[in-house]
Amino acid sequence: VPVSSASKDLPDGDYKDMGEGVLVIATEGGTSEDGNVPVIFADKNTIMGGLGIHTSEFDGSKLSYVYVDGMLNTKDQYGHTDSSINLKSDFLSIGKHKVEVVQYDSNTPDGKMITYKSASYEVKEK
C-alpha cells in the first residue's frame, strides 16, 4: 500500500488531553507551563527556529509523534526527555501555532491514540 503524504498529518479533530505525561514547550521567551503561550520573535527573513520540547512521565516504550499545526515534524522516544525540534518557514509565520505530541498503541498512526498532549507558541514580529 503506497503511503500518501497526507498520512503523515494529524487528521483534524477535537482532541482532548489524554494519557500519562506532561508536555512543556519552551522558546527564548518562556515556557508553556501553567497554560502560558511562549513567544518567538521572527521576521520575513527568519527561515529556521528552534523549539524546546520537555516531557515527563511519558511512556518511553512508545514512539511519540510530534506535530506542528497538524503536520508531522518528528517522531522519537520520549519519557523524561529534554529535546528540541526545528521550525521552518510556515511554522514561524506571525500568529499562534500548536504543537501536539501523540502516542499510539501500535506505535503507528493507524493505531489507537493512547496519549495526546498539546501546547501553543506565538510568533510575533521582531
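## A buried lysine and an all-strand chain

At 6% relative accessibility, lysine 117 counts as buried, where buried means under 20% relative accessible area, exposed over 50%, and partly exposed in between (1.4 Å probe, protein chains only). This is a predicted model, in which local features need pLDDT of at least 70 and side-chain atom pairs count only at pLDDT 80 or more, while totals for chains, interfaces and linings use all residues. Residues are numbered from 1 along each chain as its sequence is written, and side-chain values use heavy atoms, with hydrogens and water left out.

Which residue forms a salt bridge with lysine 117? The partner is aspartate 17, with the closest N and O atoms 3.0 Å apart. Aspartate 17 lies in the segment before strand 1 and lysine 117 in strand 9 (residues 113-125), so the pair ties together parts that are 100 residues apart in sequence.

The structure holds two salt bridges, each defined as a side-chain nitrogen of Lys or Arg within 4 Å of a carboxyl oxygen of Asp or Glu. Here they are side by side:

| Salt bridge | Closest N and O atoms |
|---|---|
| Aspartate 14 and lysine 16 | 3.2 Å |
| Aspartate 17 and lysine 117 | 3.0 Å |

In the pair of aspartate 14 and lysine 16, aspartate 14 is exposed at 65% relative accessibility, and lysine 16 is exposed at 54%.

Now to the fold. The protein chain has zero helices and nine strands; helices (H or I, at least four residues) and strands (E, at least two) are DSSP runs, numbered from the N terminus. Four strands form an open sheet in the order 2-1-4-7, with antiparallel pairing. Its edge strands, strand 2 (30-31) and strand 7 (81-88), each pair on one side only. Two strands count as paired if DSSP finds at least two bridges between them.

Strand 4 (residues 48-56) is joined to strand 7 by eight antiparallel bridges. Within this pairing, methionine 48 has lysine 88 as its bridge partner, and glycine 52 has serine 84. Strand 1 (residues 22-27) pairs with strand 4 over five bridges, also antiparallel; there, valine 22 is partnered by serine 56.

What about the interior? The largest nonpolar core has 19 residues, and those with the most contacts inside it are Ile25, Leu51, Ile85, Leu87, Val99 and Tyr121. Such a core is a set of buried Ala, Val, Leu, Ile, Met, Phe, Trp, Tyr and Cys residues joined through side-chain atoms within 4.5 Å. Strand 9 supplies the largest share of this core, three residues. A second, separate core has seven residues, including Tyr65, Val102, Met113 and Tyr116.

For the whole chain, buried residues make up 37% of the 126 residues. Among contacts between residues at least 6 apart in sequence, 68% join residues at least 24 apart. The C-alpha trace spans about 40 × 35 × 25 Å along its principal axes.

Note on methods. Contact means heavy atoms within 4.5 Å.
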